[in-house]
Amino acid sequence: MKAPARLALGSTHTRALGVLITLVLVLLLLHTDGAAERGLRYVAFDSYQREFPRERLNDSVIVMAIDDLSLQRRGQWPWPRRDLAELVDRLAALDPAAIGIDMIFAEPDRQSPRRQAERLQRLGYLGRQPLSADLPDYDQLFAQSLRRAPVALGVGGLHDDPRLIDPPDYRAPLVEVGAPAALFLRRFPSVLRSIEVIDRAAAGHGAINAEAQDGVVRNVPALIEVGGHVLPGLAVEVLRQTSDDPIVRVQVDEQRGVRQLEVAGHTLPLERDGTWWIHFSDPQARPIFPVESFLDGTLPPELITGRIVLIGAAAGGLQDRVITPAGAMPGVSVHAEALDNALDGRLLWRPYWAAGVEAALLAMLGLVCVIAVPALRPLNSVLVFALMLALVAAIGAGAFVGRGWLIDVASPMATASLVFAVMLSIALGQTQLQRRGLRRALAVTRERQARIAGELDAARRIQSGMLPDAGTVLGADPRVDLAATMVAARTVGGDLYDFFRLDDGRLFFLVGDVSDKGLAASLFMALSKALIKNAVMEADGTPGAGLSRASRQLSRENPETMFVTVVAGALDLSSGELAWCSAGHDGPYVVRAGRSETDQLMTEGGPALCMLDAFDYPTERFRLGPGDTLCLVTDGVTEARSAQDELYGAARLMSTLAIAANQEAGSARIVERLRDDVERFAAGREPADDLSILVLRWNGGSG
C-alpha cells in the first residue's frame, strides 16, 4: 500500500520542478532575444512563406531587368549612359506612374565622347587646344533624362567607409508623430551614391539596402538614418513619386520605436527599427522583362502606362541576386515584392504584443507537460504533447494566413519540448525506482490472489458437493428420470437446486435463485438449501407450508437483507400428482408426452423468500401423465443475452424444450441440449447470471 503514496509524492515533485523550469524559460523568452531564438523564429517564418506564398492581385509593378539577353545584344555592362538616357526617355513618354532604378552610378561614364577626348588630350594625342563644346557628355544626357521623369534613384547606406565621410544632405519630406524616428532607425554614417550630376537630377532617392539575416533577405528598410537625416527606402520613395502628396508620415512610440508609415495613401506596419517585412509571392509568378525587349519595341507599350517600372540587374554575371524565403531572385524583385505588398494591402507585421503571446503559448505547453507527464503513460503523454504542438503550429500558421501576423511559435515549441524531455526523463527515472517496490507489492498480491483462488476453488467444490446426485437419490427407480445442472457466472454462484425423497412414494425437488452472485450468494444459497429442506420435512412435504416456514427462518438469519426466489414441487411417484409452489419464481414448464408444444404452469404464488414476514405460500396441484416432462430453470436461462444484446427469452426456451423432450431419450440429454443452446446463443458474451436447469420425466406409476 506504500507504493502509490511514493508515486503521488514523486508526481508532486515532478510537477513542481516542471512549473519552475517553465517559469524560468518564460522569463528568458520575454527578456532575451538570442541567436538561437532568432534562428528558430526565421525557420518558422520562412516555412510560412514557402507554404503560403502571397497571391499576386495586380500587375501594377513592372520589373525591367538588364538580363543575359540584354547583355548579349547590347554588349557588356556598363552600357553607355546614352542608352540609359534613351531608356528613361522612352519610358517617360509612355507616362508611367513612377520609375525606380535599383542601381548606383558611382563613376563617370568612360564611354562618353567628352570623357574619351579628355583622356586622349591627357595622353598628348589631341594637343593643347580646347575641346569642342559639341562633344556630348553621356552623364549630362542621362541627367537631363532623369529630370524629365518621375525617377527614384537608388542609394546605398554604408556602415563604415572613410572615403565618404560627409554624406549628402538628403532631406525627405517627412512628418514624424510621437518622437524622432532617427532614434530607432538603422544608422549609416554615409551613403554610396551616384556621381553628383546624376544624383541631383533624380526626383527622389531611396535606400536599396536589403540586409540579410543568416544570408536570407526577409525585409527591407522603409526608413534609414544617414548622417542625422532620415532617408526612405527605395520602395517607399517610389510610392511617394506616384502620389500628389509628397509627405511621408511616420508614427513613433517613445517606448516601442517606429510603429507605422503612411505614404501615397498606403499604411505600412513597421518593426521597431523601421524595417518592413515582405510577404513574398512565388518567384515564377512574376515576369521579368528584358530591357532589350523594350528598347527593340517587342514589349507592348501599354504595359508601361500607369504602372510602376523598376529597373535593375538580373544577369548572372552582375551578381545582384539575393536569397529570400521564397528562393533566389534578383535584388530588384525584392523591391517589386515590397511595392506589391503595399499596393495589394497584403502586409506582414510582427505585432508589439507578439512576445507576450509567445510566452503565453510556452506557458500553456509547459502546463500541459506539468499535467500530462506525471498523470499519463509515456506514450500517451507523448501523443498529448504532440497534439498540443500541432495546435500551436496551427495557431501560428492561422495568424500568418488570416491576419498577416508573424507569431513565433517555433521558439515556444522548441523550449516546451525541452521541458517535456526533462519531465519525461524524471518521470521515467521515478518509474524505474518504483518498479522494485511495485514488483514486491505485486508478488504479495499474487500470493494473496493465489490463496483466495484456492479458497474459492475449495468453495466451488464444496458447493458442487452440496448438490444432490440423481443416481444416489433415486437409484434405479423406473418411475422417474431426473437430471439437473448449475453453471455459476463466477467461481461460485447463487443458484440452487435440490431433490430428495420424502418417503418411498414421494419426491421433493426445487430450483432457486439468490438475489446476488459470487461468494456472498453462495453462502446464502447453502443456508437457504439447508433451511428449506428442513422446513419441508417439518411440513410433511407440503411445498407451500415448507416455503412459509423457510422464509421465516431465513429472515432471522439474514443480516444483509438478501432474498431468494424458489419454485418447489412434491411429486407422487405412483399417481403423478404434483403439488407445487412458487416464491417469486417462474412456474415450471411442462411438455406432455407425444405433444410438440410446451406449457407453463401459472400461479399467483407469492414474493421471494425473506421479502415479506409471515407470508403463507399457497400450494398448487397438477397431475402429470406418463412420459410428461417437467422443467424448472432460473433466469440465467431466459435472461441470457447474445452478442447483439438479444434476449434468449421464454419463447425460445419453450420451443427448444419441446423439441428436446420429443427427441431425447433421457432427462440428462434434455438438460445438456438446453444448456448447449443457451451457450451458443450467448457466445462471445460473458454470462450475466448463474444458470440452473432441472428436468424431470415421470414414466408412470408402474415404471
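Colleague: What radius of gyration does the chain have, and what would a compact globule of 703 residues have?

Modeller: The chain in this predicted model has a radius of gyration of 50 Å, whereas a compact globule of 703 residues would have one near 27 Å; the radius is taken over C-alpha atoms, and the globule rule is 2.2 Å times the number of residues to the power 0.38. Along the principal axes, the C-alpha atoms fill a box of roughly 165 × 55 × 40 Å.

Colleague: Why is Pro53 called partly exposed?

Modeller: Its relative accessibility is 39%, and because buried means under 20% relative accessible area, exposed over 50% and partly exposed in between (1.4 Å probe, protein chains only), Pro53 counts as partly exposed. Of the 703 residues in the chain, 48% are buried.

Colleague: Where does Pro53 lie, and which residues is Pro53 in contact with, leaving aside its neighbours within four places in sequence?

Modeller: Pro53 sits in the loop between helix H2 (35-51) and strand S1 (61-66), where helices (H or I, at least four residues) and strands (E, at least two) are DSSP runs numbered from the N terminus. With those neighbours left aside, Pro53 is in contact (heavy atoms within 4.5 Å) with Tyr48, His279, Phe280, Ser281 and Asp282.

Colleague: What conventions lie behind these values?

Modeller: Residues are numbered from 1 along each chain as its sequence is written, and side-chain values use heavy atoms, without hydrogens and water. Local features need pLDDT of at least 70 and side-chain atom pairs count only at pLDDT 80 or more, while totals for chains, interfaces and linings use all residues.
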